[in-house]
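Please read the following with the sequence and the model open side by side.

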Amino acid sequence: MSLTTKRIVFPLNMTLFFSKLKYLLSKKAPFFPFAAAAAMAHSDSGAVVHPKLTTRLCIIGSGPAAHTAAIYASRAQLSPILFEGDMANDIAPGGQLTTTTEVENFPGFPNGILGFDLTQRFRDQSSNCGTRIYTETVNSVDFRVRPFKVMTNLRTVIADSVIVATGAVARRLWFPGSEEYWNKGISACAVCDGALPMFRGKPLAVIGGGDSAMEEATFLTKYGSKVYVIHRRDKFRASKVMQKRLLENEKAEVVWNSVVEEAYGEEEKGRKRLAGVKVRNVVTGEVRDLKVSGLFFAIGHDPATKFLDGQLELDEDGYVVTNPGSTVTSMRGVFAAGDVQDKKYRQAVTAAGSGCMAALDAEHYLQEIGAQEGKTD
């Protein structure tokens, strides 16, 4: 977005509402769950019979990993079906990018692009390549049978292979002002947003005490004039190496035993911006006023894997485990891409790369089983 463009940034609940509304009104989003519900057949007993679809490949997700996989799979003539979700995890189709404003670090957009617009381009390209996209949330899968079953409330897909690309949701904190100043100075990704002009040369703050908080705070010292690390305890959980790196940085200051009580702002050129936070010491009760232009949550992510119901191997944090250097999971024929299996990088561009890998892995798998069954793709 050029510097002369003006836009209104809404609180998160309104942002999600308008993202969903804009999506449903899009000319290239032809599928409506209402029509599908009306078209569902009924058995003689009156019970609803969900329509079944068959495909060589079913993709679950709606972000850069899912759509990159869909583009590659479509070009390989696998005719994939993609379930993008219907406000899955309270986020519009497109995932975490739909809750961000300016995206400056995705190649091909020298002037930046709005997160929602970028995800819509992903979707348009997938659709144009031939992907069948359904705005439905997958609520269960059955990987114990072959072919696999992928189920929503409206239909069942029978698939020879599956790519799980459901992402991970950044954890947030809720306090007065946290919603009002979301995307107006408050963010959950320092690496994504920290280099934006609104944060350069300004005092910033990070909430957290683990490795992610250390990494993000250290990253922000490249751009902010000062970085406060607010932690509710008197010691960090982060590794000693990460702690040392942060504590030796002259721009960093740790605010121990403290929690954010309130965020407040001011108007700048007709737009509301974060101006500071009130921080309470949980031991003494003293309240401190930190004048900061940015506040970053670094308290972890929750991978969207509950619907898998234990059918894939997960690590201790709930992320899908994949073989090193591939997207192969513990279940042959099921692949995982993007943030659902990546808790280190968590970037749109790395998610897209793993989506490409998953499509290629799935294509090779389908060729293998096709040869075994005397079939050709």
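This is a predicted model: local features need pLDDT of at least 70, side-chain atom pairs count only at pLDDT 80 or more; totals for chains, interfaces and linings use all residues.

Contact here means heavy atoms within 4.5 Å. Pro64, His67, Ala70, Ile71 and Ser74 in helix H3 meet Phe122, Arg123, Gln125, Ser126 and Cys129 in helix H4. Sorted by class, the residues in this contact are five nonpolar, four polar and one charged.

Two packed helices are described by the angle between their axes and the distance between the axes. H3 covers residues 64-75 and H4 covers residues 115-129; their axes come within 9 Å and cross at roughly 20°. Angles under 35 degrees count as roughly parallel, and H3 and H4 are therefore roughly parallel to each other. The crossing of H3 and H4 is left-handed.

Next come the sheets. One of them is open and has five strands in the order S12-S19-S13-S14-S15, with parallel pairing. Which strands stand at its edges? They are strand S12 (186-187) and strand S15 (252-255), and each pairs on one side only. Strand S14, residues 226-230, pairs with S15 in the parallel sense over four bridges.

Another open sheet has three strands, in the order S16-S17-S18, and its pairing is antiparallel. Strand S16 (258-268) and strand S18 (287-290) are the edge strands; each has a single partner strand, so one side of each is left without a neighbour in the sheet. From one strand to the next, the twist in this sheet averages 25°. In a regular strand the side chains alternate between the two faces of the sheet.

S16 and strand S17 (residues 271-281) are joined in the antiparallel sense over ten bridges. Valine 260 stands opposite valine 279 in S17. S17 also runs antiparallel to S18, with four bridges between the two. Valine 277 has leucine 290 in S18 as its bridge partner. How many residues lie between S17 and S18 in the hairpin they form? There are five, and in the turn glycine 285 has a positive phi of about 85°.

A positive phi also occurs at serine 79, where the value is about 45° although this residue is not a glycine. Serine 79 lies in the loop between H3 and strand S4 (81-83). Another loop, the one between strand S8 (140-142) and strand S9 (148-151), holds proline 147. The peptide bond from arginine 146 to proline 147 is cis, with omega near -5°.

The last topic is a link between side chains. A disulfide is a covalent bond between the sulfur atoms of two cysteines. The count in this model comes to one disulfide. The bond joins cysteine 189 to cysteine 192, with a distance of 2.1 Å from S to S. Why is this disulfide called right-handed? The torsion about the S-S bond of cysteine 189 and cysteine 192 is about 65°, so the disulfide is right-handed.

Key:
Residues are numbered from 1 along each chain as its sequence is written. Side-chain values use heavy atoms; hydrogens and water are left out. Two strands pair if DSSP finds at least two bridges between them. Axes are lines fitted to C-alpha atoms, for helices over the stretch in contact, and angles run from 0 to 180 degrees between N-to-C directions. Angles under 35 degrees count as roughly parallel, over 145 as roughly antiparallel, 65 to 115 as roughly perpendicular and the rest as oblique. A crossing is left-handed if the near helix is turned anticlockwise from the far one by less than a right angle, and right-handed if clockwise. Ala, Val, Leu, Ile, Met, Phe, Trp, Tyr, Cys and Pro count as nonpolar, Asp, Glu, Lys and Arg as charged, and the others, Gly among them, as polar. A disulfide is a pair of cysteine sulfur atoms within 2.5 Å.
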